[in-house]
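Please read them alongside the coordinates.

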Amino acid sequence: MGKAWKFGHDVDTDVIIPARYLNKSDPQHLAAHCMEDGDLNFAPNVKAGDVLVAGKNFGCGSSREHAPIAIKACGIEVVIAESFARIFYRNALNIGMPILECPEAVAGIDAGDEVTVDLNSGQINNLTKKTFFQARPFPPFMQELIKAGGLAPYVRGRRKNG
Amino acid sequence: MAMTITEKILANHAGLDEVVPGQLITAKLDLVLANDVTAPVAIQEFEKFGTDKVFDSQKVALVLDHFAPNKDIASAEQCKFIKEFARKQEVKHFYQVGRMGIEHCLLPELGITLPGDCIIGADSHTCTYGALGAFATGVGSTDLAAGLATGEAWFRVPESIKFIFQGNKFQPWVGGKDLILYVIGKIGVDGARYQAMEFTGEGISALSMDNRFTICNMAIEAGAKNGIIAPDEKTYEYLEGRAFRPYTSCFSDKDARYVEIMEFDVANIPLQVAFPHLPENSKNVEEAAGIKIDQVVIGSCTNGRIEDLRTAAEILRGRQVHPEIRLLVFPGTQNIYRQAIKEGIIDALVEAGAAVSTPTCGPCLGGHMGILAKGEKALATTNRNFVGRMGHPESEVYLCNPAVAAASAIRGEIVHPREVL
């Protein structure tokens, strides 16, 4: 269970992690500046298990994988958006950062609401408003990939087991 | 079955006779590229795959352009890490200061991005190479690492949108930048999300290669997977003596299918300025007239080519940059820089009061070499005007073409070029 942080449409990768911090790729360094140009209160106050909720085209702009790395490293459990920009979508899954497209949930969650998400079933519960939303769950292989921590550990694990 | 140029290139690289939009394929790659920001993460991921060697050292490009010349110790460490990887892997196309340029200006100039190619780059503006009739798309570092290891990438075949530019009667000073800003203004920053943008028509045929690079460069600003222009005589002329290896051109079939076809008459497209904080906020330059600015930037992978510099010099020659303005000019590559010296462009710009830099992505992404203070405004020929893009989160960036940028640098506020000539 976590608190919802809410952002608008077209949140770009420069807002998620400004380029001035890309001289290092250490996840904790990136996490300390996550969403800094959008909300200065985010990085110091976000807690493990919190949920990031946003409008359409989340993650537009640069191809920097530092963006989902920063979000994951600061403890966000899942990003729920109306839609995702193409490169961000691939990058997030490739590093094992869960994301769900669910416009109804975005409309039905306000900043600060307590939210639980079941990634296996795609169920999103807003405990504050006592409402429920159903996102399309990931197929089993993608759930495994996310659990493994991303594409590289997933491929390595399969090689070892295969 | 009839296919678009994008579908044909993907089919060729997937070893298939045909592909259809929505189909998932694995395609062989002709070039895999990364820069000093994205390569370190990609190399770390590459090493996790448990592979020793890159798939083909001739088909990898590593260009140190974002924070180079190294802006601080951390950036220097990143560049050193990449250099060591490049040497160990015998990467053919490794470029650092002195030989490097802004990657999307440099690689076409070197003739290693070619018609019919399938290219991935860990940089969103990789779509630039579509101007040569290649399929080129930006990816993240993990996808790039997989490409380095295997020489392949998986794609969902995109639907295509066709943009037809009718006529060749451009308004004065209008170029590729205005066409693409106009289109993004019409369809929005997610108007082509996941899709291919195919640019065609008499208006495109009339444009030089430099202008075509500008158009395809900004396809990502509409959310597109790729932008593409079929090769023609101008493309082949550009490639003469430049092409690094043989290539096979592809063209859309007459009855290829598009999810949408949009037509514009170039005569109706005025000079554009995109207001903060999205490229889709593009308007007629007249609507921006009078906005006071602090800095003007001419350069970047969007508008740092020789014709862009020629345009700027044409306006600035014999005139002076406004005393309140900082004008920064970034030639895209060492060759462009030399050419500009030979043509007297650099002399004219410096004489006018511009600061001319070695090639770097620097200010475009708020990296270094021209950062904005709180409350400052910049007018730039770059590609993004997001919050904080060029510096302080409360600074602002307006986007335009090199003519509007040069004229506005003289006036100290945004202005139509005719007002200063």
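1. Domain bounds come from an automatic or database domain assignment, and for chain B this assignment gives domain 1 (5-264) and domain 2 (274-415). The centres of domain 1 of chain B and domain 2 of chain B, taken over C-alpha atoms, are 24 Å apart, and their contact (heavy atoms within 4.5 Å) takes 38 residues from domain 1 of chain B and 38 residues from domain 2 of chain B.

2. This is a predicted model, in which local features need pLDDT of at least 70 and side-chain atom pairs count only at pLDDT 80 or more, while totals for chains, interfaces and linings use all residues. Residues are numbered from 1 along each chain as its sequence is written, chains are lettered from A and ligands numbered from 1 in the order in which they are written, and side-chain values use heavy atoms, with hydrogens and water left out.

3. Helices here are DSSP runs (H or I, at least four residues), numbered from the N terminus. The axes of helix α2 (residues 39-48) and helix α5 (residues 141-150) of chain B, being lines fitted to C-alpha atoms over the stretch in contact, come within 8 Å and cross at roughly 55 degrees.

4. In the contact between these helices, B:V41, B:A42, B:E45 and B:F46 of α2(B) meet B:S141, B:T142, B:L144, B:A145, B:L148 and B:A149 of α5(B). By class, that contact of α2(B) with α5(B) has 7 nonpolar, 2 polar and 1 charged residues, where Ala, Val, Leu, Ile, Met, Phe, Trp, Tyr, Cys and Pro count as nonpolar, Asp, Glu, Lys and Arg as charged, and the others, Gly among them, as polar.

5. After α12(B) comes B:G318, whose phi is positive, near 80 degrees.

Methods:
Helices (H or I, at least four residues) and strands (E, at least two) are DSSP runs, numbered from the N terminus. Axes are lines fitted to C-alpha atoms, for helices over the stretch in contact, and angles run from 0 to 180 degrees between N-to-C directions.
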